[in-house]
Number of protein chains: 2
Amino acid sequence: MYELHFAVPFAGAILNSINTRLNAATISVILRHGESKLVFVDCVSRSLILDAISLLPLETQRPILVLITDDSVRPISSEEFLDTYEGLVAKGDPNFQWIRPKSEWDPMILSYTSGTTSSPKGVVHCHRGAFLMAVDSLVDWAVPKQPVYLWTLNMFHTSGWSYPWGMAAVGGTNICVRKFNAATVFNLIERHGVTHMCAAPVVLNMLTNSPREKPLGSPVRVLTAGSPPPAAVLQRTEALGFVVSHGYGLTEVIGVVISCAWKPGWNLLPATERARLKARQGVRTAGLAEMDVVDPDSGKPVNHDGSTLGEVVVRGGCVMLGYLKDPEANSKCFKNGWFYTGDVGVMHPDGYLEIKDRSKDVIISGGENLSSVEVESVLYSNPAINEAAVVARPDDMWGETPCAFVSLREGLEKKPTEKEMIEYCRARLPHFMVPKTVVFKGDLPKTSTGKIQKHVLRKEAKDMGSLKHSRL
Amino acid sequence: MYELHFAVPFAGAILNSINTRLNAATISVILRHGESKLVFVDCVSRSLILDAISLLPLETQRPILVLITDDSVRPISSEEFLDTYEGLVAKGDPNFQWIRPKSEWDPMILSYTSGTTSSPKGVVHCHRGAFLMAVDSLVDWAVPKQPVYLWTLNMFHTSGWSYPWGMAAVGGTNICVRKFNAATVFNLIERHGVTHMCAAPVVLNMLTNSPREKPLGSPVRVLTAGSPPPAAVLQRTEALGFVVSHGYGLTEVIGVVISCAWKPGWNLLPATERARLKARQGVRTAGLAEMDVVDPDSGKPVNHDGSTLGEVVVRGGCVMLGYLKDPEANSKCFKNGWFYTGDVGVMHPDGYLEIKDRSKDVIISGGENLSSVEVESVLYSNPAINEAAVVARPDDMWGETPCAFVSLREGLEKKPTEKEMIEYCRARLPHFMVPKTVVFKGDLPKTSTGKIQKHVLRKEAKDMGSLKHSRL
């Protein structure tokens with residue numbers, strides 16, 4: 001996968017890294033929509049891809065298949081495959097001159113969004129955008145020469161935030177692993193002297209909730225993005241010896257374009273205050289021309305007061321060319337020269353952005369816009385909580401009220417009750433933000449990239465029916 | 001000067017930083033050729049600029065003048081100036097919206113080459129090129145966030161290798177100083193906790209030849225470029241605690257585009273071998289699309305054997321738009337999509353470039369192309385030598401033979417003779433490369449940016465007349 005981030009563009013083709021955690025039906029849709037000509041199939045995903053191809057409509061041209069084998073897995077030869085990857089490489093021409101794009105605006109990357117809230121969309125990026133983001137990300141994270149980089153972030157997720165190219169530019173060592181858990185990550189860090197890794201907040205949470213809670217031998221720099229990390233998770237991660245940088249990006253900008261630039265003076269603040277500041281998404285990186293938070297109807301910037309909600313908009317060379325074959329989605333997200341992210345945030349007076357929600361996740365209770373992320377942040381600060389997600393539940397009186405789904409940490413002596421959780425929130429939140437319903441679950445439903453599927457929970461909350469306020 | 005690197009482009013204008021060490025006549029030519037509309041005049045250069053303007057032809061429109069004053073210098077009010085710089089800033093509109101270029105290809109920077117070998121040429125760079133080089137330089141030098149940067153390199157010299165913008169991008173502290181010597185540099189390093197500085201090899205030589213030869217308290221990263229640093233100078237600089245990176249650039253690419261990427265294994269080599277490797281210019285940075293060493297007549301790449309001389313050519317987004325109003329110079333340097341640098345080098349088998357000379361500095365002796373830089377490198381390794389420059393002297397038998405001009409270090413107990421210097425070289429160089437003439441001088445002639453003026457020495461060598469070989 002790492003090599004193909006170079007080989008495919010060098011061959012003049014477009015790279016579409018497909019999420020191997022998707023099911024065959026979705027992969028089939030992606031193969032057809034993207035019109036894949038050649039598919040490199042990792043041996044562990046062999047039957048998944050063969051199933052996906054069998055689901056292609058009869059009239060669709062079948063892609064050529066190449067099998068990626070591995071020392072640890074016995075290669076299965078079969079007629080479906082043209083060759084193995086290594087076989088193909090061995091037949092390669094060492095004097096091959098790479099095919100340069102005619103224009104830097106030529107497409108290079110096709111990435112399907114994970115689809116937390118809607119069906120996957122095909123995001124197209126050009127060579128120029130990928131270059132800009134790769135270089136910009138190195139500057140912003142201040143990556144030194146020859147780092148040792150652990151791939152906890154999947155490369156199929158927003159092109160690994162552009163680090164496949166970035167690591168090559170700084171002569172980095174790439175530690176790749178098919179599957180991981182907390183123990184594997186800690187082992188690899190020690191064995192290879194890992195210095196850098198990217199990880200969604202859900203991975204940080206996994207690391208800090210693992211039984212091994214002894215600090216690292218030497219600090220590991222972690223870049224986290226993808227969803228707002230709860231302050232409590234940040235704090236626990238740093239206590240283990242990780243040096244966490246936090247930023248914001250999305251598939252449509254091929255990496256992290258807003259980052260919480262850290263001020264030395266902030267190191268003097270208490271840990272909780274530091275974590276609260278670090279949970280903000282931050283300021284634009286050099287790769288972005290502009291960013292703002294605007295009223296989605298008028299397109300005018302909201303007040304930079306840290307409280308007025310608006311939609312995050314960005315402009316710059318790292319914004320995608322557009323969604324493949326989707327004029328409707330393109331006309332919705334490109335307006336007045338801006339890309340509308342669909343994320344809801346506030347702009348602080350110091351110019352730092354803070355994401356409050358996906359626009360679909362905002363809860364409107366008694367006319368008040370309420371950020372589910374803020375409620376989740378309070379829930380995460382409770383030591384009994386493993387994961388938390390807050391969605392709207394229909395409410396007889398208020399229209400909607402917050403409904404919290406939580407999973408508890410393992411090995412608790414005493415499990416909290418719904419009433420105790422509500423009281424915990426009431427002590428820490430304005431009344432209208434306190435969840436009126438708390439549901440305990442073994443595990444929260446997740447997308448293939450580890451994001452909590454709020455749309456599943458939203459349906460579950462809706463199916464509970466309207467909350468009645470008999471006492472009123 | 002630092003602020004104007006932002007203010008002038010933000011105002012939609014083009015910035016031309018003029019070398020204040022030039023004489024009034026040359027500055028007058030530059031003001032006229034560049035058609036300056038507004039000139040910011042530092043108070044210490046006041047009479048120089050007024051002289052330059054008085055030399056403008058009568059029909060030339062006089063530029064508006066603004067005086068930059070300083071706490072340490074009493075401001076002189078005079079009718080020639082519209083206002084002081086601070087006065088102008090105070091009248092500024094805080095709500096001014098910066099004027100974005102219509103296209104990223106719009107000109108932003110005009111820089112006159114220092115003219116070691118010919119009359120100054122006006123190099124024009126666009127916004128796109130300046131951005132690329134600024135970001136590329138940060139990645140390549142691995143500049144961390146919030147460095148403390150000492151401006152030993154002048155900003156009028158190749159836009160300070162793009163670091164005015166680079167330092168802003170990483171939140172750096174800029175330590176500026178009007179004039180410096182070795183003592184000032186060491187004082188500023190200690191007082192401000194300097195972490196980074198750029199310096200031509202002549203500055204490194206100055207630092208290591210200063211009486212204070214005690215190591216630094218904490219390491220300072222130095223990027224050196226501009227001319228090939230003698231291995232002996234590199235070695236002495238590192239012994240003082242400077243961590244030297246070496247690269248190659250020129251005004252036409254607005255910074256350092258080739259850099260001696262350091263391999264960890266090389267740290268195990270002896271100091272002289274390390275210095276020899278570090279004196280190579282290196283490999284292309286990510287900001288350059290391609291570089292090569294070609295036969296200047298055929299345009300074909302020379303053998304990558306570390307010995308075949310050819311002209312260095314580059315391609316990429318950081319190459320200038322062209323020389324202002326100079327179609328002849330443009331047609332000479334832009335050929336087949338490449339920019340011809342005029343520098344002569346070899347390509348080593350490992351892909352590292354090593355500059356051997358300016359094309360005009362190559363000595364052709366008995367049909368052999370001979371690099372003056374290699375001869376100089378041997379002279380610099382002699383502890384008695386302060387500076388050395390080798391040029392061609394006409395020779396009755398060989399056409400040309402090397403003629404060395406040297407200045408000696410201060411406080412020597414015994415000054416070497418011409419014969420001793422020749423013997424020193426003969427022990428270390430092939431016979432045809434050994435200087436047949438050695439001239440001792442108090443000081444070598446320099447350009448305003450500190451480069452040795454070989455054309456002056458070349459004339460001096462020519463005026464000596466042909467070397468006779470009576471004994472043959």
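Which side chains meet in a salt bridge with A:Glu290? In this predicted model, the partner is A:Arg315, at 3.0 Å from N to O. The two residues belong to distant parts of the chain, with A:Glu290 in strand 13 (residues 290-294) and A:Arg315 in strand 14 (residues 310-315) of chain A, 25 residues apart. A:Glu290 is partly exposed, at 28% relative accessibility, and A:Arg315 is partly exposed at 23%.

Because B:Glu290 lies in strand 13 (residues 290-294) of chain B and B:Arg315 in strand 14 (residues 310-315) of chain B, the pair ties together parts that are 25 residues apart in sequence. Relative accessible areas of 27% for B:Glu290 and 24% for B:Arg315 leave both residues partly exposed. Salt bridges with shared partners also join A:Glu104, A:Arg128, B:Glu104 and B:Arg128 into one network.

Over all chains, the salt bridges number 40. One of them joins A:Lys145 to B:Asp140, at 3.7 Å from N to O. This pair crosses between chains: A:Lys145 is in the loop between helix 5 (127-141) and strand 6 of chain A, and B:Asp140 is in helix 5 (residues 127-141) of chain B. A:Lys145 is partly exposed, with a relative accessible area of 30%.

Helix 8 of chain A (residues 182-192) presents another kind of arrangement. Its buried residues are A:Ala182, A:Val185, A:Phe186, A:Leu188 and A:Ile189. Viewed down the helix axis, these buried residues fall within an arc of 165°, so they line one face of helix 8. An α-helix has 3.6 residues a turn, so residues three or four places apart point the same way. The face turned away from the buried side carries the exposed residues A:Glu190 and A:Arg191. Among the elements against which the buried residues of helix 8 pack are helix 9 (201-208), strand 9 (220-224) and strand 10 (242-250) of chain A. At the start of helix 8, a side-chain oxygen of A:Asn181 reaches to within 3.2 Å of the backbone nitrogen of A:Ala183. After the helix comes A:Gly193, with a positive phi near 60°.

In helix 3 (residues 46-54) of chain B, B:Ile49 is buried, at 9% relative accessible area. Beyond its neighbours within four places in sequence, B:Ile49 contacts B:Ile27, B:Val39 and B:Val41.

Definitions and conventions: Residues are numbered from 1 along each chain as its sequence is written. Chains are lettered from A and ligands numbered from 1 in the order in which they are written. This is a predicted model: local features need pLDDT of at least 70, side-chain atom pairs count only at pLDDT 80 or more; totals for chains, interfaces and linings use all residues. Side-chain values use heavy atoms; hydrogens and water are left out. Buried means under 20% relative accessible area, exposed over 50%, partly exposed in between (1.4 Å probe, protein chains only). Helices (H or I, at least four residues) and strands (E, at least two) are DSSP runs, numbered from the N terminus. The arc is that of the directions from the helix axis to the C-beta atoms. Contact means heavy atoms within 4.5 Å. A polar contact is a pair of N or O atoms within 3.5 Å; within protein, one must be able to donate a hydrogen and the other to accept it, and residues adjacent in sequence count only if both atoms are side-chain atoms. A salt bridge is a side-chain nitrogen of Lys or Arg within 4 Å of a carboxyl oxygen of Asp or Glu.
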